[in-house]
Amino acid sequence: MAAYYSGAKYFPKSLINAQDPWSGYFEADSGIWTSAHFTHFIKNGWRFVDSACYGDGKENHSISETTNNYMTVTDTQTGDYSIIICNDSEVQRNYTFTLENMKLADAPFTVWETRGPEEGQAYDENYFKNIGTFRPVEEGGKYSFSIETKPYSIVTVTTLDKTSDTSVYNCRYEDIPLDINYSDDFEYSDEFLSARGNAPLYTTDQGGAFEVAEIDGNKVLMQMINADNKPTDWRLRGTPNPITSLGDDRWANYSAEISFKLESDKSDNYVSFGVRYLTAELDSWSAENGYSLRAYPSGYFELKKNTEAVQKGNIDNFDASKWHTIKITAAGKHIAAQLDGAELASFDDEMGYAHSGRISIGSGLYNNIFDNLKIYPVDGCKPIITRVDDHDPSVIYNGNWDRKVPDDYIHFNRTRSKAEISEEDTGEKSMEFSFEGDHFALIGKIMECGFDVYVDGELLEAVETKGVKARQCFYSADVPEGSHDVKIVVTSGRFAVDVIEY
């Protein structure tokens with residue numbers, strides 16, 4: 001169960017996602033139903049029936065390209081049995097099972113099935129369905145039955161009476177954004193902190209450990225990992241420097257500020273504070289992304305886009321032993337950073353920019369402290385976006401597209417839709433969607449390509465664009481407030497989209 005944000009390291013690898021802790025919303029995706037086909041119908045201590053078990057196929061994080069895949073288990077005391085059959089092919093597979101030396105050979109059995117939707121159905125319409133109860137047929141003293149397994153389905157045959165309520169798997173509370181007028185002074189009760197191991201609300205650490213500590217009678221957020229207690233890195237991927245993320249990744253246009261105090265004046269110490277943070281996977285060695293201001297004890301600072309320092313300089317008369325306050329504002333493509341009320345740096349990010357995301361708090365491997373976090377909207381800008389995955393049914397694709405699931409971790413929901421134009425192509429490759437608002441954006445890792453943008457049937461502009469990193473905005477447009485139909489026609493190169501935001 002993943003009780004951490006989308007975009008955290010290795011997300012999503014879970015059966016249940018609970019990534020909006022303020023709302024109670026959670027998702028039980030297909031993995032939980034796949035598991036239920038086994039766990040609901042097998043009890044501890046059951047034994048395999050070797051002659052009714054078979055599996056083959058290729059392994060690459062999952063089993064694929066099978067010819068047959070079935071498993072039979074039984075209770076040797078009662079004679080109850082369950083058979084699980086998986087069909088990962090595009091053709092129906094038919095099986096006949098003969099029951100010999102089984103105490104319940106003539107007993108009724110129930111068939112449960114999970115498969116994808118038919119045209120016009122919801123994606124989970126056919127999850128974990130009771131197909132019916134049947135009896136084996138007796139012939140010559142032997143009992144048998146036949147089972148049809150549809151393409152891309154999993155079926156369980158069982159003698160167990162399984163009529164219990166499984167609606168818990170579908171339980172979802174309202175998926176509402178976290179209020180962007182958010183603040184935290186970390187003055188939690190001792191009982192609250194004790195129950196949580198001193199963890200504050202809503203943070204997901206990607207490196208280091210950010211916990212609430214009491215300093216001179218004041219509770220603050222402290223980074224706890226340093227050179228003396230830093231654990232050994234996993235050899236395949238180094239652990240990033242301390243960084244944590246907080247908030248709703250649908251936040252777009254907002255200001256955020258936090259006070260900080262450096263523990264040490266050593267040259268490798270720093271604090272950072274950022275906005276529009278989305279994923280730890282963009283640059284796996286650092287976990288930095290979005291826009292952040294990094295400040296060092298010497299007074300040197302960097303305003304960063306992802307891991308790149310866009311602007312840098314020195315803060316006059318900076319005293320590292322005192323409290324200071326960082327403020328960062330993201331308004332459309334304009335990014336501005338202040339320290340103690342004075343502007344340090346600003347720039348307009350025209351291409352491959354972060355369009356939305358949470359805040360981030362970073363630190364060197366020292367016990368730096370933070371306090372008085374505040375987040376609030378920017379005047380004249382809509383603060384929260386609506387995000388639509390490229391595989392959402394509301395997005396329509398025309399022509400030959402490569403629509404991949406699952407894709408790399410760096411892509412939202414691990415999905416992406418791609419279209420490549422070649423000399424042999426004769427038909428149109430396009431995508432269409434509708435939205436309500438005054439702004440829309442296309443997000444995703446993209447190569448150099450061209451595309452035409454139509455809004456409400458009229459050509460808005462012809463675009464030629466260079467490649468951008470994952471989770472970055474490669475095109476956005478402002479339109480009059482209202483309902484709009486958008487069509488993107490790919491004209492050259494390799495086009496790809498991960499997310500639509502408006």
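Which residues line the largest cavity? They are Leu 278, His 355, Ser 356, Arg 387, Phe 412, Ile 443, Arg 471, Asp 498, Val 499 and Glu 501. This is a predicted model: local features need pLDDT of at least 70, side-chain atom pairs count only at pLDDT 80 or more, and totals for chains, interfaces and linings use all residues. Residues are numbered from 1 along each chain as its sequence is written, and side-chain values use heavy atoms, without hydrogens or water.

**Cavities**
- On a 1 Å grid over the protein atoms alone, a cavity is a set of points where a 1.4 Å probe fits but cannot get out; lining residues have an atom within 4 Å of a point.
- A volume is the space filled by probe spheres set on the points, which are joined across faces, edges and corners.
- Three cavities of 30 Å³ or more are counted.
- The largest cavity has a volume of about 60 Å³.

**Second largest pocket**
- A pocket is an open set of points with protein on both sides within 12 Å along at least five of seven lines.
- The second largest pocket holds about 440 Å³ of space.
- It has 22 lining residues, and Asn 253, Lys 382, Asp 438, His 439 and Asp 478 are the closest to its centre.
- β34 (430-443) and β37 (473-497) are the elements that give two or more residues to this lining; strands are DSSP runs (E, at least two residues), numbered from the N terminus.
- The largest share, four residues, comes from β34.

**Tyr 123**
- Tyr 123 sits in the loop between β10 (109-115) and β11 (129-134).
- Its C-alpha atom is 9.8 Å from that of Asp 392, 269 residues apart along the chain.
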